[in-house]
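Open the model in your viewer and keep the selection tool ready.

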Amino acid sequence: MIIFDFDGVIVDSERLANAVLARMVSGLGRPMAPAEAARRFTGKVTRDCVAIIEGELGLVVPAGFDAAYDDAVNRAYERELQPVDGIVALLESLRGPCCIASGSSHPRIALALRVVGLAHHFQGTVFSAEEVARGKPAPDVFLHAAARMGVRPADCVVVEDSITGVTGARAAGMHVFGLVGTFGADELAAAG
């Protein structure tokens, strides 16, 4: 079975979300470019991003930050979101089972799939880190997806574009293909 990460693998959302997050962190008083946001936050769930902003950057995140971030990202998706180059043809050619295992929320994934017209490929096979105790780099969402799909972890292949995702998939005992984008081939290979 193929398990796809979502952001940066199915949809070209990382650049949109990281631009929003960079703008919001800059608004808290610490200038941040989208490229830095991509390096710090790609592959992480929102709650972990907030922990990094508060812990590593020492900023105070105001109440409602998560909701404001979600709203801004959703607006950006509605305006600009596109599928990753080549994914439509790949999905149409697949004959075996596949699913999504993502750090994004179910509402965000559903919106994105609707916007890019790919929801029909993943009916009932979308799994979110919302459903598990720990987000990536923990293996939880991958193990959850495999269990729900009735497939042994060793029989799964994961397509990931982030170091945290590669790390989580390897910890789940799964084979991983790294999709070069935010992170280079050497970085993804070093992660597993």
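Start at the second largest pocket, with a volume of about 160 Å³. The model is predicted: local features need pLDDT of at least 70, side-chain atom pairs count only at pLDDT 80 or more, and totals for chains, interfaces and linings use all residues. Numbering runs from 1 along each chain as its sequence is written, and side-chain values use heavy atoms, without hydrogens and water.

A pocket here is an open set of points on a 1 Å grid over the protein atoms alone, where a 1.4 Å probe fits, with protein on both sides within 12 Å along at least five of seven lines; lining residues have an atom within 4 Å of a point. Volume is the space filled by probe spheres set on the points.

Select the lining: Gly8, Asp12, Glu14, Arg15, Val84, Asp85, Asp161, Leu179, Val180, Gly181 and Thr182. By class, that is three nonpolar, three polar and five charged residues.

Next, the largest pocket. Its space is about 410 Å³. Of its 26 lining residues, Lys44, Val45, Thr46, Gly103 and Ser104 lie nearest the centre. Now colour α1 (14-27), α3 (46-55) and α4 (65-80): each supplies at least two lining residues. Helices are DSSP runs (H or I, at least four residues). Which helix gives the most to this lining? α1 does, with four residues.

Last stop: aspartate 140, in helix α7 (residues 140-149).

Key: Ala, Val, Leu, Ile, Met, Phe, Trp, Tyr, Cys and Pro count as nonpolar, Asp, Glu, Lys and Arg as charged, and the others, Gly among them, as polar.
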